[in-house]
Amino acid sequence: MIQHFGWRLGAVLLGLVGLVLAQAASDVRLDLKAFRVVSVQEQNRTVERLEPALDAKPGQVIEYQLTALNTLTSPLRQVALVIPIPPTTTYQAQSALPLRLGDTLIVPEFSFDGGKSYGRPPLKRKLKVVENGKEVEKEVEVKPEEYTHARWVIPQMEPKQALTLTLRVVVR
């Protein structure tokens with residue numbers, strides 16, 4: 001593992017896999033990979049390439065790819081696939097794309113409270129503030145940079161079906 005700025009990307013990945021495993025059915029095989037997103041010039045245009053992310057520096061973009069495989073010979077229902085967002089990173093808005101399964105579009109949900117609750121953007125949080133000497137409760141929008149988890153709930157995974165989900169984060 002290569003250490004950078006006090007944290008190890010390999011250790012973070014192992015922790016993420018553990019968290020993802022805890023969220024998914026035991027009959028789903030999960031494979032989480034991290035790639036550094038690199039922009040390169042090719043034939044007078046800029047293209048993105050993905051390189052294995054062995055380490056990361058502040059400002060770099062990392063793409064997580066979670067592949068889930070139903071290992072059973074029967075379908076699974078209501079499978080929650082979760083990608084935790086490491087605390088050393090911030091979620092890159094709009095990078096967790098919906099998943100199309102036939103006629104069904106599965107839109108990702110997000111959490112800002114460590115995976116306790118999920119919702120679709122814009123997420124709101126209630127804060128207590130003091131206005132004119134009185135404590136009042138206000139609802140404020142949660143910024144994507146504050147998201148801690150992304151989740152896709154798959155209504156049904158067919159036997160031996162594999163799905164790949166992605167999202168990007170920016171290293172702090």
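Predicted model: local features only at pLDDT ≥ 70, side-chain atom pairs only at ≥ 80, totals over all residues.
At a relative accessibility of 4%, Thr89 counts as buried, because buried means under 20% relative accessible area. A polar atom of the Thr89 side chain lies 2.8 Å from the backbone oxygen of Pro86. Leaving aside neighbours within four places in sequence, Thr89 is in contact with Val169, Val170, Val171 and Arg172.

Now to the charged residues. Side chains of opposite charge can pair when their charged atoms come close. A search of the whole structure finds 9 salt bridges, and the table shows some of them.

| Salt bridge | Closest N to O |
|---|---|
| Arg36 and Asp55 | 3.2 Å |
| Arg168 and Glu63 | 2.8 Å |

Take the salt bridge between Arg36 and Asp55. Arg36 sits in strand β3 (residues 28-42) and Asp55 in the loop between β4 and β5, 19 residues apart. Arg36 is buried at 15% relative accessibility, whereas Asp55 is partly exposed at 21%. Arg36 and Asp55 also belong to a network of salt bridges that includes Glu51.

Next comes the salt bridge of Arg168 with Glu63. Arg168 in strand β14 (residues 162-171) and Glu63 in strand β5 are 105 residues apart. Arg168 is buried, with a relative accessible area of 16%, and Glu63 is buried at 8%.

Glu109 lies in strand β10 and Arg151 in strand β13, so the pair ties together parts that are 42 residues apart in sequence. Glu109 counts as buried at 18% relative accessibility, while Arg151 is partly exposed at 21%.

How values were computed
Residues numbered from 1 in each chain as written. Heavy atoms only, no water. Buried < 20%, exposed > 50% of the residue type's maximum accessible area, 1.4 Å probe, protein only. Polar contact = N/O pair within 3.5 Å; in protein donor to acceptor, adjacent residues only side chain to side chain. Contact = heavy atoms within 4.5 Å. Salt bridge = Lys/Arg side-chain N within 4 Å of Asp/Glu carboxyl O. Helix = DSSP H or I, 4+ residues; strand = E, 2+ residues; numbered from the N terminus.
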